[in-house]
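Subject: A structure for you to look through

Hi,

Could you take a look at the structure below when you have a moment?

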Amino acid sequence: MLPPGSTIGILGGGQLGRMLALAAAELGYRCHIFAPETDPPAADVSAAHTRADYADTAALSAFAQRVDVVTLEWENVPCAAVRQLAGQVAVHPGAQSLEVAQDRMAEKQSVEWLGGRCAPWAQVDSREALDGAIAQIGVPAILKTRRFGYDGKGQARLHTASDADAAWAAIGQQPAILEAMVDFAHEYSVILCRGADGTMVDWPVPVNLHKGGILATSSLPPPALVREQAPAAVALARTVAEKLGHVGVLTCEFFACRDGLRFNEMAPRVHNSGHWTIEGSETSQFENHVRAVAGLPLRPTALVNPRVTMTNLIGDDVADWPRLMSDPAAHVHLYGKGEARPGRKMGHVTRLGK
Ligand code: ATP
Ligand code: MG
């Protein structure tokens, strides 16, 4: 067990790092953020910030000397950086989790290999391959870059085969997959945490509503179809965590279809659909992630109220802060970001009970 007063290094400086640092502080740890941005939200609440590129090997080495363990809040940290750090200090989760989660194709192949079901998909490495994939998968479909997609970025929808040129151009002609459009009833996510000793806990499963490819709300209890599918989804996510030797929070997103569940994607980290756990669960995803990384036992995850809703504040939504701050039922979290650009996650609000 990492003694209180130790320093946890966090790769990435966004709101997830900020909430991890706050949870770490409660347990008596200090955090050191490694991120290339000038003024990252996580650095505001952390003991130290190294501002450097993930390819800067000298900066990584100096960072490793100043921290006792390393974790991450952004899964697109280059694996080379994680491997370099792992030569000097423990890194949780490790490169294996990152390698799979950074590549949509590896992600889907791994999950299918473990018996999970995804939307039908095909590999697309060229414009010609896209024609073949359309013939195989059909339309409507979504072309998704294999790497660096988030909040619906790096995706283009094809309504007919004649959309192929535009879609290929829209994703920047990168290695991709074509995925059949799924006619889902709901979306939900399994958030689990695996400790250093292999012990796992998972949280009650929220239903997630997206608008324009961006998460809008996560709420509990989920509809009956999701409740029926949750045990199988949790079992699959636990198997994935086990096989990856994952340590920390792992999130898997699913589609609830009338004919059963389909895996969508995973994130080897704390997740926006788990923010409600701060007030809605006995232990937040952030605290249990810190506990896992620090080698502490994990704490229970039961709901403290049967009804919980988390609403994201995206872009201009945050302008409503005076009303939200004055609402005694609203647990307001703002991320300290400057400009409220469209689509930017500025904060979230959690409400318990009716
Ligand atoms: P994030 O990182 O925000 O979770 P992302 O950009 O990595 O998102 P996805 O989760 O793959 O991308 O897609 C974003 C949203 O687009 C999904 O939550 C879902 O609402 C919709 N979507 C993605 N794939 C499909 C599909 N095959 N069929 C129907 N809808 C889909
Ligand atoms: Mg997603």
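Here is what turned up, topic by topic.

First, the ground rules. This is a predicted model, so to speak of a local feature pLDDT must be at least 70, side-chain atom pairs count only at pLDDT 80 or more, and totals for chains, interfaces and linings use all residues. Residues are numbered from 1 along each chain as its sequence is written, chains are lettered from A and ligands numbered from 1 in the order in which they are written, and side-chain values use heavy atoms, with hydrogens and water left out.

Most residues other than glycine have a negative phi, and most peptide bonds are trans. Which residues does a cis peptide bond join here? One such bond links His92 to Pro93, with omega about -5°. Pro93 sits in the loop between helix 3 (79-86) and helix 4 (95-101). (Helices are DSSP runs of H or I with at least four residues, strands are runs of E with at least two, and both are numbered from the N terminus.) Val139 and Pro140 are also joined by a cis bond, with omega near 0°, and Pro140 lies in the loop between helix 6 (127-137) and strand 6 (141-145).

Then look at phi. Phe148 is not a glycine, yet its phi is positive, about 65°. You'll find Phe148 in the loop between strand 6 and strand 7 (155-158), and at 52% relative accessibility it counts as exposed. (Exposed means over 50% relative accessible area, buried under 20%, and partly exposed in between, with a 1.4 Å probe and protein chains only.) Gln173 has a positive phi too, about 50°. Gln173 belongs to the loop between helix 7 (164-170) and strand 8 (176-180) and is exposed, at 55%.

Now find helix 1 (residues 15-26) and helix 10 (residues 285-294): their axes come within 8 Å and cross at roughly 70°. (Axes are lines fitted to C-alpha atoms, for helices over the stretch in contact, and angles run from 0 to 180 degrees between N-to-C directions.) That makes helix 1 and helix 10 roughly perpendicular, a label for angles of 65 to 115 degrees. Among the residues making the contact are Leu16 and Met19 of helix 1, and Phe286 and Glu287 of helix 10; contact means heavy atoms within 4.5 Å.

**Salt bridges**

Side chains of opposite charge can pair when their charged atoms come close. Counting a salt bridge as a side-chain nitrogen of Lys or Arg within 4 Å of a carboxyl oxygen of Asp or Glu, there are 17.

- Glu287 turns up again here: it pairs with Arg291, closest N and O atoms 2.8 Å apart. Both lie in helix 10, four residues apart, about one turn. Arg291 is buried at 14%, and Glu287 is buried at 16%.
- Arg127 pairs with Asp131 at 2.9 Å between the closest N and O atoms. They are separated by about one helical turn because they are four residues apart in helix 6. Asp131 is partly exposed, at 42%.
- Asp320 and Arg323 meet at 2.8 Å, N to O, and Asp320 is partly exposed at 30%.
- Lys108, Lys144 and Glu179 are joined into one network by salt bridges that share partners.

Notes:
Angles under 35 degrees count as roughly parallel, over 145 as roughly antiparallel, 65 to 115 as roughly perpendicular and the rest as oblique.
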